[in-house]
Amino acid sequence: MAEAHQAVGFQFTVRPDGVDLTLSQEVIKNIYLSGVTAWRKRAILFKNGILAGVYPASPSSWLIVVIAMISSLYIHIDPSLGMIATIQDHLPHRDGASVQTRAVLSAIVFATGLWLFLIYVLRYALKALLSYHGWIFESHGKSSTSTKVWLSLVKVLSGRRPLLYSFQASLPRLPVPSVDDTVNRYLESVRPLLDSEEYNQMEILANDFQDSIAAMLQRYLILKSWWETNYVSDWWEEYIYLRGRSPIMVNSNFYIMDLLYVIPTHRQAARAANVVHAMLQYRRKLERGEHAPLRALGTVPMCSTQMERMFNTTRVPGVETDIVQHLTNRKHLVVYHKGCFFQVWLYTGGRHLLPSELETQFQQILTDKSEPQPGELKLAALTAGNRVPWARARIKYFCQGVNKASLDAIESAAFFLTLEEEPQGYDSTMEGSLDGYAKSLLHGKCYDRWFDKSFTLISYPNGKIGINAEHSWADAPIVGHMWEYVLATDCFHLGYTEEGHCKGDMNKGLPPPTRLQWKIPKECQETIEASYLSAKQIADDVDFHGCLFTDFGKGLIKKCRTSPDAFIQMALQLAQYRDQGVFCLTYESSMTRMFRDGRTETVRSCTSEAVAFVCAMEDAGATNSQRLGLFRQAAEKHQNMYRLAMTGSGIDRHLFCLYIMSKYLDVDSPFLKKVLSEPWKLSTSQTPQQQLNLVDINKFPRYAGAGGGFGPVADDGYGVSYIIVGENFITFHISSKFSSPDTDSHRFGQHIRKAMLDIQSLFKTENEKTVEQEKHAQLENGKKHI
């Protein structure tokens, strides 16, 4: 341990003539540098805290206001309308203070108050502007005059160089939709899925709900929205994630893959070292709030709250509910390899370990020949099984002694790193390689990832890497933001030597990694084994298929004058119908981060318009012109629903909160029970790409990320994650369960590919006309030029 390393640098001997002290100059130097770094960090945090706290103003603007007020004293103009004189009269009398001095002090006090008042005015003006969402409902590239004026005002009030958390106080609260609007949208969403009798019954339940307890629940929910910064997020985290008692492996955690085609180095220790160092750089900027906030249209800010808990965060199990524990200023990493846990310190002398130094640390772990202690090999299976046995085992066996110390080291670590023994990754010459890679990231061996950590970094012996992320603390775009930064930094900034090692010199005086110690009794080992068997049963049931769609991408879809997301969602509806023969309730995740503490909302993609389009595609008597018209209607409907979800007018989060409120008030609602019990047989999500724009995918197509995925939500359904890479490439991650006789992930992937091509063929004639028009226009321009 680092403490032990520094302790041996200080020695003393008691002698008859006194005490002989021996101090290590190296240790004294490290202590000095650590202190300097700590104070520098405090100064930067203090400065950035002030900058974010007074945003959209700046500290320099205070000086301008003060100078203006003081100047007014000498030109005999009183912009304060007598307030400076009043302040001067109420200042404490000091015999040594002249009238001029008291006047200057009064001017400074008034200027400071005026400056703070103006900050709040600007902040609330910006919040009012950000509450306008008309721009999102306008056609792409066809902004109205009012939207252009609004956008200009937002740019003016947003300042020049905002920090990560600068906009937090200016973000609007998530609005509570009206009950009537939500219920009507809900009934509209289930109409294509129910027959007439079922729909009439649902209408009766909905009307009874509206006529009885809806108004009361809505009043309490509005009161909560006034009190909380976001009326959904705290309940969503608690009841959807933390109160779940089933395993989080596969059921909740998700994964993100490495670059699809590129392996910067085949040395496992070197790749892990560069990636860890890049993560430390990201964490330093995150702690200081120095990342630029994400902004839609490059102007409209999005909430950054979820990013606060990215590092040093663990989901701690409880008997009834878990908690999310976030710590700060922890400077170590825990590494798992061949059944053994190691603690690696990430700082020395007040700085991060260099990539070459981290490579040395990881290489020592890879070459370590020690055997796992009793119960250590499968210890992490506790985090993969049911939550209650893990919570009870934690209380009984890990609350004292070496077990507590070692568990504290894991739970307080920046994140968890697994050095795998078997290679993984996409190989175009090997069928199913992407499938095995995804399953490894999603569940591994069920005991070689600490599923409770905010994320586990997984490093493979062939140089590939990936992430398994816990879901309660944040959503996939947050982890994806960090991952883009890390991959770009690893490949384009840190780099490797010709031999594949990390660049830079190595400090051979660093302490080696420390083995974590465990004393796990036989009873606990039995609990570990039971959790492992439970988790293994879940993992073995995951049927995964990775589908690389390279026929076309968003470039061609945009030429069809439609949304790429809507295009893919319609293809999924067509694929679902061809695979199952029926339509089903479909979940698509949408973000609500334009609001304070916003997370996600549901877009119900299976609409009446989508059903009409799919039926036309399967009707041999329908013409392509009819199908294309129905497709455009379905795509426009989907886009409108997506926009409603993003702007706080979704269906499911409102109904979810009304249901929770009914439980708090102990009132029964058959309608809400029915809504919350409906299964999502098709659960979909789009993985965000190029949030940071650090790598030009069109210029460097081989540096495309493969995206990520998640496990199936329903026992007899599909989970589909997709990532739109560049202009000509889409990746689908499809999951289901082997135990379901009705699903097959590979078969569904084939249906998706066929559906994408069939829809594209509807535009073939139209695209050919467009191409001919472009050629004709180019020819005419050429003639004019001649």
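User: In this predicted model, what makes the contact between Asp408 and Lys404 a salt bridge?

Analyst: The side chains of Asp408 and Lys404 come to 2.9 Å, N to O. A salt bridge needs a side-chain nitrogen of Lys or Arg within 4 Å of a carboxyl oxygen of Asp or Glu, so the pair qualifies.

User: Why are Asp408 and Lys404 said to be separated by about one helical turn?

Analyst: Both belong to helix H14 (residues 401-412), and they are four residues apart there.

User: Are Asp408 and Lys404 buried, exposed or partly exposed, and how do you know?

Analyst: Asp408 has a relative accessible area of 33%, and Lys404 has 35%. Buried means under 20% and exposed over 50%, with partly exposed in between. Asp408 is therefore partly exposed, and so is Lys404.

User: Why does the contact of Arg283 with Glu287 count as a salt bridge?

Analyst: The N to O value for Arg283 and Glu287 is 3.9 Å. The limit is within 4 Å, so this pair is a salt bridge. Arg283 and Glu287 are four residues apart in helix H11 (residues 268-287). Arg283 has 3% relative accessible area and is buried, whereas Glu287, with 32%, is partly exposed.

User: Why is Glu237 called buried and Arg309 partly exposed?

Analyst: Glu237 has a relative accessible area of 16%, which is under 20%, so Glu237 is buried. Arg309 has 22%, between the 20% and 50% limits, so Arg309 is partly exposed.

User: Why are the rings of Phe567 and Phe631 called edge-to-face?

Analyst: Their centres are 5.9 Å apart, within the 6.5 Å limit, so the rings pair. Their planes stand at 70°, over 60 degrees, so the pair is edge-to-face. Phe567 lies in helix H19 (residues 564-580) and Phe631 in helix H21 (residues 624-646). Phe567 is buried at 0% relative accessibility, and Phe631 is buried at 0% as well.

User: How do you know that Arg653 lies over the face of Trp236?

Analyst: Arg653 is 3.7 Å from the ring centre of Trp236.

Technical notes: Residues numbered from 1 in each chain as written. Predicted model: local features only at pLDDT ≥ 70, side-chain atom pairs only at ≥ 80, totals over all residues. Heavy atoms only, no water. Phe/Tyr/Trp six-rings, centres within 6.5 Å; stacked < 30°, edge-to-face > 60°. Helix = DSSP H or I, 4+ residues; strand = E, 2+ residues; numbered from the N terminus. Buried < 20%, exposed > 50% of the residue type's maximum accessible area, 1.4 Å probe, protein only. Lys NZ or Arg CZ within 6 Å of the ring centre and 35° of its normal.
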